[in-house]
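Have the viewer open and follow along.

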Amino acid sequence: MSSILTVLFNGVAYGFLLFIMSVGLSVTLGMMNFVNLAQASFSMFGGYVKVTAMQSFGVPFLASLPIVFIVIGALSIVVERLIFRHFYNTDDLTQVLLTIGLVFMSIAIATYAWGGTYQRIDMPSWLTGQRDVLGLTLETYRIFLIAIGAAMAIILVLGLERTQLGAMVRACVDNRRVAGACGLNTELIFALTFAIGGGLAGLGGALSANLLGLDPNFPLRYLVYLLIIVSVGGMGTISGTLIAGLALGIADVMGKYYFPQFGGFVIYVLTVACMLWRPHGLLGRQT
Amino acid sequence: MSDMVLETRDLHMAFGGLVIFNCMNFALRRGERHAIIGPNGAGKTTFVSLVTGLLKPKSGNVFFDGRIVTNDTPQQRVKAGMVRTFQINSLFKALNPLESVVLALLERDGKARLSLRSVSAETKLIDEAMALLTQFDLARDAYGLTEALPYGKQRLLEIVLAVALQPKLLLLDEPAAGLSTQQGHEVFSQLAHLSKDTAILFIEHDMNLVFRYADVVSVFAAGALVMQDTPENVRRSPRVREVYLGN
Amino acid sequence: MSAIERLTPERAKAATGYFARLARWNVYEILFWLALAGMYFVPNVDLVLMSQIFIWGLFAMSLDILLGYRGIPSLGHAAFFGVGAYVAGYCGKFGWTEPISALVLAMAIAAVVGWLTGKLVQRVTGVGLLMVTLGLNLILYDLVHRSTDVTGGDDGMQGIVIAPVLGLFRFDIFGRTAFWYALIIAFILFVIARAVVKSPFGLALVGARENPRRMIMLGAPVEGDVSRAFALGAALAGAAGALLTQTTQFVSPNTLSFQRSADVLVILIIGGTGRLYGGFIGALVFLILRDWLAAISPVYWYFWIGLLLVVVVSFFRKGLLPSLETLLNRWKPSKADGPTA
């Protein structure tokens, strides 16, 4: 019994990580209908920025996280302004190819800058080891992940519901043309959304580095997961992304724990079945 | 075989609580040119959508060619010989008018299946397509870009695509919308030349066109069939004037 | 508008002639295939690389049926390639060594898989479609990758024996037989694919690409056509896979990896969709460039492939071949689309 709960717990922690990495992709997909597979590269660079900040500049772990958020957020704005905004009106496939091209380039850049091997990640001692919670022995770091993930989810939902920027983003997701016609500066909203989404992706990458491993092939390994989450969760909904992220995290961890011989098979089959059942995602708008 | 190509019996339709019409009984003879007129919101377009199967009635039945088609899909109704055109142009951008019409004919005859024979082997269909384009004064545009055609010609092509299927019933939702008076008359004079095997049911706001080209006129108002008679009688009817002008 | 114009015989003939002209081979096409065959006689040419180019070209052409003609993007096309490759592998391993019949069998099985895939995905569109095709590809990859007892797993399948083609031409280490075998098979299948896209079915595919709703209202079996397009595309992809197995006498899960699905898409986009030749041109550019880049910078060559992709979708959005055609047409504006009668 306790082993099931521990596995479930690990799945939830993993799910929150996936949520943080993919929520920006989901929102930009819903808002601008832009398929940004390079989101996975933002995550990878987030991991590398953290590693560099900690190892070369001696920044403590917690302080490195906001740095990652800001650096990757700024990088996202640059990429959005320079490249992405020219592709808002093209079809899905063109966007997929463009961003796959960027993923290939990012892999080579990361290899050039940080080498092709896995990075060694040093964690502060207060985040290592295990703790007893309600009779279960749980890894401290995963507790930390769940706390951060839940906090992020709450901040995002409240931010989208309660703040002015959130209202503007929702207006753009609903109907970009009308929102623009009503005098909203859609360009600025796009750029800000990209920055926040990219920053979060970077943060997710930074948080995942010691759990998932960090090497230049990171984007290729996790790209499929991001695609699964946004297509299953339905585009443009934070709650859908959260549910899909958690479901995928739990299914993946459980599948690998209980049916190691099947590996990724379980989640792929579930994903395809889900997409055939509801082509616009679990919570997506069904047309 | 029944004299009627289309009949509706006790058709009832509502969106949510809003009743569009109750007990709609309607009949259309083979080969008839039949116009539906009526003020906005009378339920004309809803009626056509029910007939073609884009909407399903809450109760009642649609008979086509002596058969109940109420639960048939639009596709099945097309196969049975009920064809409509679209209010908004929806053509094939990358195909020229000749290719578009040939494609419609191939689909009509079920000949667009996997094969290794070039389209050019279908000489009969190509001749038929060219004859149709000639008939509707589109022969000169047959090889040009569909996108580049003037609006009126695009509407004509839309009608040709429907006529190509040799329907028993052709439904036209405002075929002259967006056309000049003269273009409108051209469209209708082409339609008037169609064989009497095809009945035509059209919604139209231009009364000149209606009274000139229809054999029978149905007047819809507030979800009811107010009157169904010859154009002359409809024109003279005080009730119709009432419907349009209010009390 | 009192007098109705009549159809003149000249006009009818011109219309049939128009379709005949679309289907006729032009001089550039003949030159293209002669040039490919002529590569054999170029001194120091890498014959193995050339047969790889034919195989990739055929593979990309198979995707063109789906993407270029029917407008269905697939991120999982390597699945069909892999099916063909493994069928050919099993044939060679278990005594069915005659290559041509094994190739036909591989195509048939791939076609069935493709037809089923088409049945499955015909209602899905957009990003969902990309995800489902990718998902199916990953499922198959995982299955093959894990079933070590049956497929040899990561190590691939050993002991594949391929008899000489027609009992005469043995596959040699210089790739001479492979060159001609791959080229001739690719050419025959190209001729078939070309006939199909110029046939009424090809016209129906383009119609459904342009406006599926309108096709339904013409009474066209749009969903059935999706399955048929998938079956055809899969059969051709399966042939490419079988060619790879037969010319290398080896098959591994690599043949159905996501990387291959992405690469074939890149090749087709570089070459240009919707004209069958795009796949071959793309394969030529991609493989030669990859060979050259990998030689000068073994670690970072993917950077340049990525850059190439970004440049192509940014500046030659239709691919190299159509961009070239536009350029050529600008030079000779006299060549109009059809008779002006």
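The largest nonpolar core has 278 residues, and the members that touch the most others are B:Val101, B:Ala129, B:Leu133, B:Val160, C:Ala110, C:Leu236 and C:Ala239. Keep in mind that this is a predicted model.

Skipping neighbours within four places in sequence, B:Leu133 is in contact with B:Pro97, B:Leu98, B:Val101, B:Leu138, B:Ala139, B:Ala142 and B:Val160.

## Chain C as a whole

Chain C is built with 15 helices and 0 strands. Its radius of gyration comes out at 21 Å, close to the 20 Å that the globule rule gives for 341 residues, so chain C is as compact as a globular protein of that length. Along the principal axes, the C-alpha atoms of chain C fill a box of roughly 80 × 45 × 45 Å.

Of the 341 residues in chain C, 52% are buried. Now look at contacts within chain C between residues at least 6 apart in sequence: 78% of them join residues at least 24 apart.

## Who touches whom

Two pairs of chains are in contact, and chains B and C share the most contacts. Chains A and B have no contact joining them; their closest C-alpha atoms lie 15 Å apart.

On the B–C side, 37 residues of chain C meet 43 residues of chain B. H1, helix H8 (176-197), helix H9 (200-210) and helix H10 (212-217) of chain C each put in at least two residues on the chain C side, and the largest share, 8 residues, comes from H1(C). By class, the side of chain C that touches chain B has 22 nonpolar, 6 polar and 9 charged residues.

Over at chain A, the contact takes 33 residues from chain C and 33 residues from chain A. Helix H6 (126-146), helix H12 (258-271) and helix H14 (301-315) of chain C each supply at least two residues of the chain C side, with H6(C) giving the largest share at 14 residues. The residues on that side of chain C divide into 25 nonpolar, 4 polar and 4 charged.

## Helix H1 of chain C

Which residues of H1(C) are buried? They are C:Arg11, C:Ala14, C:Ala15, C:Tyr18 and C:Phe19. These cover an arc of only 135° around the axis, which puts them on the same side of H1(C).

## Helix H12 of chain C

H12(C) passes the same kind of length check: at 1.5 Å a residue, its 14 residues should span 20 Å, and its end C-alpha atoms are 20 Å apart, which agrees. With 12 of the 14 residues buried, H12(C) is largely enclosed by the rest of the structure. Among those buried are C:Arg260, C:Asp263, C:Leu265 and C:Ile269.

B:Ala104 sits in helix H3 of chain B. Is B:Ala104 buried or exposed? It's buried, because 29 other C-beta atoms lie within 10 Å, and the cut-off for buried is 20 or more. Leaving aside neighbours within four places in sequence, B:Ala104 is in contact with B:Leu161, B:Ala164, B:Leu165 and C:Leu218.

B:Pro74 has its place in helix H2 (residues 74-80) of chain B. With 18 other C-beta atoms within 10 Å, B:Pro74 is partly exposed. Not counting residues up to four places away in sequence, B:Pro74 touches B:Thr52, B:Gly53, B:Leu54 and C:Met217. B:Leu50 is 24 residues from B:Pro74 along the chain, with 9.8 Å separating their C-alpha atoms.

Technical notes: Residues numbered from 1 in each chain as written. Chains lettered and ligands numbered in written order. Predicted model: local features only at pLDDT ≥ 70, side-chain atom pairs only at ≥ 80, totals over all residues. Helix = DSSP H or I, 4+ residues; strand = E, 2+ residues; numbered from the N terminus. Arc of directions from axis to C-beta. Contact = placed C-beta atoms within 7 Å. Nonpolar A, V, L, I, M, F, W, Y, C, P; charged D, E, K, R; others polar. Core = buried A, V, L, I, M, F, W, Y, C linked by C-beta atoms within 7 Å. Rg over C-alpha atoms; globule rule 2.2 N^0.38 Å. Expected span 1.5 Å × (residues − 1).
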